Amino acid sequence: MGTVIAFVVGCGLGVLFVLFFVHQERKQLKDGQNKLHLDKASVEELRQELFLKEQELRRTVERTLGRAVAYEELQNENTILKRDLQNIDVTLHKLQLDKERQDERQGELDQHIRELGSRYLGDNVKWIGGSLTPNNFVKCKGRLAKVIERCRGITFEISKDEESQFFSDLKTEYEKVVRAALEREEQARIKAQIREEQKLEREIERELQQVERERAAIQAALDKAREEARDEHAEEVERLKERLAEAEARAERAKSRAQMTKSGHVYVISNIGSFGETVYKIGMTRRLEPNDRVKELGDASVPFPFDVHMMISSDDAPKLEHALHRAFHRHRVNRVNMRKEFFRVPLTDILGVVTKEFGQVDYVADAEALEYRQSQVVSDEDEEFIEELFAEESDEDDEPETDEVAT
């Protein structure tokens, strides 16, 4: 409606301006006539020109007035505009209410997301902490990072400080798990040590019994030899005396070994066919025959037997083994399970630590790896022959035994 009013007022002002302009033109013409004293023809011509301009101005005024809107039409237009404004106001009010309801709903959704995100995060953090073992810290850390990423993906905000705290708590929990595992391993080690010592005591007892039997037999033979032929068999007597001394020395060594619980052998072995070059197992055994332990390690768990590079007899074998493990800790093949005693390190480095901690030792620089090297050069024909031979032997072993029937 304001636009229409402005339009009408503009038209009126236009008309007034035109009339004023015509009036000014007439006044100027009259003044010109008086001042210039034009002749009648010139005046008539000017009048004619003025008439034409007047006619043109009238037509312009008529066209302008013809464009004016009737009052009724303006009133109708005003009514329509009022109705439209009311409709717009109602629409705006409805949109405002819809926006408020939408904001309220969004707030409820955000609250629901926060609750679900908090529950999801808490459950996963608890589950990840509960699934920690001494060997899966990196895996659990990756799981926690993925959980945090998923939470952020559903607009559940987790600040950098909270994220750092989660990882710090995971490390703390892992330290507890490792300490508990080390305690269990220490208990297991103590139990294994007790079993090993008991086994060693049984071996020493058997050796002592055997030595005692040998000593008794030698002593009996020596006494008999002395009684039967005094000086005639001096060499035989001396030989028996030497054997008796050796038996008594063995008995003393066995007794001394039984009293030294820390004594044992530290071994350095390799298995090129199974683990490749420069990979060595550094372990310890308290057995009287340490090579038995090496044979056990190479029985069925690996495809080839181990080669011995060092077999060090020490009064404090656990100390020497621990020093070697500590020196090559960063060279472990398995970096998450500390009970795996395999290290990827040159043999010369191992020799250097052994020399520093223990002293000079004998060692074998190059691994024989006999079965592995033979396997590399065996021909397909020979391999087929060997396989058939083993198959035949296996079939013969599987044949049932039959009792002979008496005739």
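Predicted model: local features only at pLDDT ≥ 70, side-chain atom pairs only at ≥ 80, totals over all residues.
A charge sits over a ring if NZ of Lys or CZ of Arg is within 6 Å of the ring centre and within 35 degrees of the ring normal.

Take Lys281: its charged end sits over the ring of Phe342, 5.2 Å from the centre. Phe342 also belongs to a cluster, joined by ring pairs with Phe275 and Phe306. The other lysine is Lys141, whose charged end sits over the ring of Phe167 at 5.9 Å from the ring centre.

Now the aromatic pairs. Searching the whole structure gives four of them. One is Phe304 with Tyr372: the ring centres are 5.6 Å apart and the planes stand at 80°, so this pair is edge-to-face. The two residues come from distant parts of the chain, 68 residues apart. Phe304 is in the loop between helix H8 (290-297) and strand S3 (307-314), while Tyr372 is in helix H11 (residues 370-377). Phe304 is buried, at 15% relative accessible area, and Tyr372 is partly exposed because its relative accessibility is 23%.

Next, Ser263. It lies in the loop that runs between helix H6 (234-259) and strand S1 (264-270). Its relative accessibility is 5%, so Ser263 counts as buried.

Methods:
Residues numbered from 1 in each chain as written. Heavy atoms only, no water. Helix = DSSP H or I, 4+ residues; strand = E, 2+ residues; numbered from the N terminus. Buried < 20%, exposed > 50% of the residue type's maximum accessible area, 1.4 Å probe, protein only. Phe/Tyr/Trp six-rings, centres within 6.5 Å; stacked < 30°, edge-to-face > 60°.
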